Amino acid sequence: MSDTIWVRRKSRVGTDDSGDDYDHSLFCKASEELDELAKSLGVRVLSDFIDTTDMQYNFSEDDLPESWIAENEKWFAPADALPSLTRIVERLKSGEVKGIKEKLRPELIEELEDCLVKVAEAEKEADQFHFCLVM
């Protein structure tokens with residue numbers, strides 16, 4: 001099993017809809033390259049919005065209560081991420097990008113467009129979000 005990213009919404013924590021139904025594993029694998037692209041575009045890096053609380057919980061050697069996750073998750077305003085997602089998707093659609101394998105670019109665009117839709121929905125509903133790193 002490989003690492004992936006879920007787009008999670010704060011208002012949905014603890015519900016049956018708290019996870020994500022889409023595999024964003026290319027986004028996860030290309031996060032460093034996407035951050036370099038964001039820097040070159042003059043927008044905030046997407047890794048700023050990644051929450052690693054779930055992974056920290058699962059790898060902790062301490063016997064943490066399940067409530068530890070909710071107490072430590074970091075949430076973000078969608079408006080802070082939307083400009084970055086939009087610009088990065090636009091740039092990926094315009095052609096080859098250094099560091100991104102060309103054969104993977106269409107699927108990466110698809111994953112990021114899914115993220116863009118979900119983050120835009122969170123913005124529309126005045127919710128917070130994060131990109132949850134999961135294994």
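This is a predicted model: local features need pLDDT of at least 70, side-chain atom pairs count only at pLDDT 80 or more; totals for chains, interfaces and linings use all residues.

What percentage of the 135 residues in the protein chain do buried residues make up?

Author: Residues are numbered from 1 along each chain as its sequence is written, and side-chain values use heavy atoms, with hydrogens and water left out.

Buried residues account for 44% of the 135 residues in the protein chain. Buried means under 20% relative accessible area, exposed over 50%, and partly exposed in between, with a 1.4 Å probe and protein chains only. The radius of gyration of the protein chain, 15 Å, agrees with a compact globule, because 135 residues would give a value near 14 Å; it is taken over C-alpha atoms, and the globule rule is 2.2 Å times the number of residues to the power 0.38. Along its principal axes, the C-alpha trace spans about 45 × 35 × 25 Å.

The protein chain has six helices and three strands, in the order β-α-α-β-α-α-α-α-β from the N terminus. Helices (H or I, at least four residues) and strands (E, at least two) are DSSP runs, numbered from the N terminus.

D51 is buried but has no salt bridge, and K74, the nearest side chain of opposite charge, is 4.7 Å away. A salt bridge needs a side-chain nitrogen of Lys or Arg within 4 Å of a carboxyl oxygen of Asp or Glu. For charge, Lys and Arg count as positive and Asp and Glu as negative; His and the chain ends are not counted.

The D51 side chain does reach the backbone nitrogen of K74, at 2.8 Å. With the side chain of T53, the side chain of D51 makes a polar contact at 2.9 Å. A polar contact is a pair of N or O atoms within 3.5 Å; within protein, one must be able to donate a hydrogen and the other to accept it, and residues adjacent in sequence count only if both atoms are side-chain atoms.

Leaving aside neighbours within four places in sequence, D51 is in contact (heavy atoms within 4.5 Å) with N72, E73, K74, H130, F131, C132 and L133. Of these, F131 counts as buried because its relative accessibility is 0%.
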